[in-house]
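Visitor: Hi, could you walk me through this one? I'm new to reading structures, so please spell out the terms as you go.

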Amino acid sequence: MVNRAENTPKQKGPKPPIPLSIITGFLGSGKTTLLNRILKDPDMADTAVIINEFGEIGLDHLLVDQSNDGVLELSSGCLCCTIRGDLVTTLEDLLRRLDNGRLDRLSRVVIETTGLADPSPILHTIMLHPYIMMRYRLESVVTLVDAVNGLETLDNHEEARRQAAVADRLVITKTDLADSFAEGLDCSELLDRLSGLNPGAIRLNTQAGDAVPERLFDAGLYDPKSKIPDVAKWLNAEAYDNHAHSQDHRHDHDHGHDHGHHHSHDVNRHNDSIRAFTLATDQPVSASALEMFLDLLRSAHGPKLLRIKGIVCIADDPEHPVVIHGVQHVFHPPATLEAWPDEDRRTRMVFITHNLPEGFVRKMFEVFTGALRPDTPDPKTLVDNPLAITGFRGSV
Ligand SMILES: Nc1nc2c(ncn2[C@@H]2O[C@H](COP(=O)(O)OP(=O)(O)OP(=O)(O)O)[C@@H](O)[C@H]2O)c(=O)[nH]1
């Protein structure tokens, strides 16, 4: 899966960026256990693992297989709040060792966060650093969820909800324990809940043997083997549509007698504040409208955008779609693709938001893409006053 020759010193020209993934998950969800297992896989050869410890004395590095000398530890602070500088230094140091030949190969870097980390600031640290962004490429965010305690953890901890919401891969651990519960623990509620938080993430089950490196880390956008990345896989937009459909269906089914009210809920009942949805349009979007739309979202509502991914058909250059990727207020520089990855040439964006209603983002998108509704202001009015959208209350 990873071409090891990519990083050999003999190669001419700029070196391809090194894939970098994040493994997160609440305390005790099984991160170290998973890492220990996958590090034995030949696909993980030449991987450096950066482990973050919360507290004075790091322990996790002792638990990770001693035979792997690529394990580096960052301690005495939580990666998401206090030691982001250390993370950059460590990533730079790896590059230095690679460049001066002290390290033969570096095929991948995996960062294991503490169980209490919100992964967004870690993503920002990487995305905001031009040199790190040039030499590494963000591959996937893998979030582990414990089948036994997961539901309760999601109920009680904002960090856990955020970890699940921003994931490209959701890995369910400990289903063996769930199955052996006396009355048989049913994971379906947990899975429904995860669908509500993040319908687009691919689900893997450690006990079923799904959590292998190829499926954990190959998120689709940055395929080193093909020039045209698998954006459809990366967006997985159909999952959002199916999710919305199943919510409507469930609602109709359960509450058909309910005086015709239409308010999808259920899986979102404990986490009303996090929303996952897609926007799509057949109309090409002008580059300036896209820029204004993203600028306005970012500046007015940055903290509420847990993650945005999208592929956009630009009016001036419809043959070369633009890929966008943002985490809160931080956006990757938009990347122009050589061609459309598949038949679907619509602009599609997936959103995971916190306290930002879907209807508001949808209306704003319609204003900037020209699908104006009678009750919405024009783009200029909106740029002057982002609250001009009718019905915006600032929360879900
Ligand atoms: N039965 C069972 N136990 C598991 C599984 N995965 C992990 N465990 C156990 O769960 C406990 C916690 O696992 P760790 O891998 O240390 O979890 P972690 O996420 O690294 O924990 P922190 O570093 O505290 O956040 C350990 O006792 C593991 O042996 C699993 O799939 N099944």
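Visitor: How many helices and strands are there in the chain?
Guide: The chain has 15 helices and 13 strands, where helices (H or I, at least four residues) and strands (E, at least two) are DSSP runs, numbered from the N terminus. This is a predicted model, in which local features need pLDDT of at least 70, side-chain atom pairs count only at pLDDT 80 or more, and totals for chains, interfaces and linings use all residues. Residues are numbered from 1 along each chain as its sequence is written.

Visitor: And what percentage of the residues count as buried?
Guide: Of the 396 residues of the chain, 41% count as buried. A residue is buried if 20 or more other C-beta atoms lie within 10 Å of its own, exposed if 12 or fewer, and partly exposed in between, with C-beta atoms placed from the backbone.

Visitor: What domains does the chain have?
Guide: The assignment gives domain 1 (14-221) and domain 2 (273-388), and such bounds come from an automatic or database domain assignment. The contact between them takes 13 residues from domain 1 and 10 residues from domain 2, where two residues are in contact if their C-beta atoms, placed from the backbone, lie within 7 Å.

Visitor: Which helix gives the largest share of domain 1's side?
Guide: That is H4, with four residues; helix H4 (119-127) and helix H7 (158-165) each supply at least two residues of the side of domain 1 that touches domain 2. By class, that side has seven nonpolar, four polar and two charged residues. Here Ala, Val, Leu, Ile, Met, Phe, Trp, Tyr, Cys and Pro count as nonpolar, Asp, Glu, Lys and Arg as charged, and the others, Gly among them, as polar.

Visitor: Where does the largest nonpolar core lie?
Guide: The largest nonpolar core has 83 residues, and those with the most contacts inside it are Val109, Ala164, Leu170 and Val171. Domain 1 (14-221) and domain 2 (273-388) both give residues to this core, so it lies between them. A nonpolar core is a set of buried Ala, Val, Leu, Ile, Met, Phe, Trp, Tyr and Cys residues joined through C-beta atoms within 7 Å.

Visitor: What does Val109 touch?
Guide: Leaving out residues up to four places away in sequence, Val109 touches Ile18, Leu20, Ala48, Ile50, Leu94 and Tyr136.

Visitor: Switching to the ligand, which residues come nearest?
Guide: There are 16 residues around the ligand, of which Gly30, Lys31, Thr32, Thr33 and Gly115 come nearest; a residue is near a molecule or strand if its C-beta atom, placed from the backbone, lies within 6 Å of it. Helix H1 (31-38) and helix H8 (175-179) are the elements that give two or more residues to this shell, and H1 gives the most, with three residues. By class, the shell has two nonpolar, 10 polar and four charged residues.

Visitor: Is Lys174 buried or exposed?
Guide: Lys174 counts as buried, because 23 C-beta neighbours lie inside 10 Å, and it is found in the loop between strand S6 (169-173) and H8. Lys174 also has a positive phi of about 65 degrees although it is not a glycine. Most residues other than glycine have a negative phi.

Visitor: And Ala339, buried or exposed?
Guide: Ala339 counts as exposed, because it has 10 C-beta neighbours inside 10 Å. Ala339 is found in the loop between strand S12 (335-336) and strand S13 (347-354).
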